[in-house]
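Hi,

Here is the structure I promised to pass on. My notes on it follow below.

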Amino acid sequence: MQITIIVAMSENKIIGINNQIPWKLSTDMQFFKAQTTYQTIVMGRKTFDSLKKPLPNRNNWILTTQKDFLIEHINTNNENIYTTKIFHQVENILEEAQKQNIKNLFIIGGKQIYELFLPIATDLLITKVKANVAGDTIFPDFEVNLFTQKTIQVQEKNEKNEFDFEIISFEKNKNIDK
Ligand SMILES: NC(=O)c1ccc[n+]([C@@H]2O[C@H](COP(=O)([O-])OP(=O)(O)OC[C@H]3O[C@@H](n4cnc5c(N)ncnc54)[C@H](OP(=O)(O)O)[C@@H]3O)[C@@H](O)[C@H]2O)c1
């Protein structure tokens, strides 16, 4: 199974402020949507709070320590084949993903959830925002040398995108122990 971390960060590694994303990058949102639609996304409870409701046409898996955490939006539409599930342990997420034969599990944040999945991530899709911004949440350090990088999109600032950015894919090197 691929485990793909998807994140946008500034040059000073900021990913959030006041439980929101600190920029407006419409083209990056389109990229996020294209990558994650019809897939399974994993997020922390705080990121879920910031979204306010599950993202459509995706399985939304939410990690929380709260045993009684309930979401009123859970599967209210019977025609929606995508589900919203609550998890309390990373291991249970991995077990469920194996059980459902999921090919690519998308880890969409925030910081605490990236920290949990970085050691087992096979891929990262990082939007590097060409700015230094104020914020209260940063992307954790990771071993860049374990991955092969490729630039997959370059976008200049325009009326829909507040800053220049580029999207880089990081694929974990396979024969790292040999
Ligand atoms: N730039 C981006 O690409 C991007 C993407 C996503 C989010 N963000 C930003 O990141 C910020 C949120 O990040 P965050 O780190 O504060 O919060 P988070 O990772 O979204 O959620 C943290 C919550 O996850 C739960 N959790 C964490 N570890 C757990 C564990 N081991 N077991 C069970 N539950 C666990 C806890 O929920 P409970 O407190 O309910 O127990 C914890 O409070 C926001 O500003 C958001 O906008 C940015």
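Leu51 sits in helix H2 (residues 45–51); helices (H or I, at least four residues) and strands (E, at least two) are DSSP runs, numbered from the N terminus. Leu51 is partly exposed, at 31% relative accessible area (buried is under 20%, exposed over 50%, partly exposed in between, with a 1.4 Å probe and protein chains only). Leaving out neighbours within four places in sequence, Leu51 is in contact with Met43 and Ile108, contact being heavy atoms within 4.5 Å.

Ground rules: this is a predicted model, where local features need pLDDT of at least 70 and side-chain atom pairs count only at 80 or more, while totals for chains, interfaces and linings use all residues. Residues are numbered from 1 along each chain as its sequence is written, and side-chain values use heavy atoms, without hydrogens or water.

Now the rings. There are 8 aromatic pairs (Phe, Tyr and Trp rings, the six-membered one for Trp, with centres within 6.5 Å; planes under 30 degrees apart are stacked, over 60 edge-to-face, the rest tilted). Tyr38 and Tyr82 make a tilted pair, 6.4 Å centre to centre with 35 degrees between the planes. They are 44 residues apart, Tyr38 in the loop between H1 (26–36) and E3, Tyr82 in the loop between E4 and E5. Tyr38 is exposed at 58%, whereas Tyr82 is buried at 15%.

Trp61 and Phe87 are tilted too, with centres 5.0 Å apart and planes at 50 degrees. Trp61 is in strand E4 and Phe87 in strand E5, so this pair ties together parts 26 residues apart in sequence. Both Trp61 and Phe87 are buried.

Cheers
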